[in-house]
Structure formats: C-alpha cells, structure tokens
Amino acid sequence: DGHDGIIKIVAEKNTKIILGGVCACHLATELISQISMAVLAKMTIHDFARMIQPHPTYSEALGEAVRMVDKNSIYML
C-alpha cells in the first residue's frame with residue numbers, strides 16, 4: 001500500500017520461543033500488542049504461525065515474519 005517498514009521477531013534458537021520483537025512500520029501500535037501477547041504466553045514461532053491473521057490486514061505481516069524463520073512464508077521470497 002505504499003508504506004515501508006520492518007518487523008523483526010526475536011526467538012530463542014533451540015526452543016523457538018518468542019522473546020520479543022520490533023515493529024517500525026505503519027500501524028506498529030496496532031501490531032506490537034500481538035508480539036507482547038506472544039512473549040507473555042511463551043509462544044513459539046510455530047504457535048504464533050498457527051494463529052489466524054486475516055487477509056488483507058497489516059497483522060498478517062506478523063504471521064509472515066514468524067513463518068520466515070522456517071522459510072515457510074506465503075508472500076516473501
């Protein structure tokens with residue numbers, strides 16, 4: 001949609017538990033709460049990837065970010 005940005009998810013290497021993340025993008029304030037929830041729930045990247053991220057929304061970028069860890073993203077190459 002013409003907005004540039006970056007989303008970074010930080011996860012523990014062996015367990016894949018999400019430790020945190022950064023959103024420097026359009027509507028980051030809407031997205032960061034999902035990362036906070038994942039940290040508090042001690043979710044793995046695989047748990048997060050299974051969450052529903054509606055299309056088309058900015059939140060689906062979070063799902064793409066965690067899927068990129070295993071090279072399973074839908075939209076990114």
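Glu 64 and Arg 67 both belong to helix 3 (residues 60–69), where they stand three residues apart, about one turn of the helix. Helices (H or I, at least four residues) and strands (E, at least two) are DSSP runs, numbered from the N terminus. An α-helix has 3.6 residues a turn, so residues three or four places apart point the same way. The side chains of Glu 64 and Arg 67 form a salt bridge, at 3.5 Å from N to O; the term denotes a side-chain nitrogen of Lys or Arg within 4 Å of a carboxyl oxygen of Asp or Glu.

This is a predicted model, in which local features need pLDDT of at least 70, side-chain atom pairs count only at pLDDT 80 or more, and totals for chains, interfaces and linings use all residues. Residues are numbered from 1 along each chain as its sequence is written, and side-chain values use heavy atoms, with hydrogens and water left out.

Are Glu 64 and Arg 67 buried or exposed? Both are buried, that is, under 20% relative accessible area, whereas exposed means over 50% and partly exposed lies in between (1.4 Å probe, protein chains only). Helix 3 is mostly covered, with seven of its ten residues buried.

By the salt-bridge rule the count is two. Asp 47 and Arg 50 also meet in a salt bridge, at 3.7 Å from N to O. Here Asp 47 is partly exposed, with a relative accessible area of 27%, and Arg 50 is exposed, at 67%.
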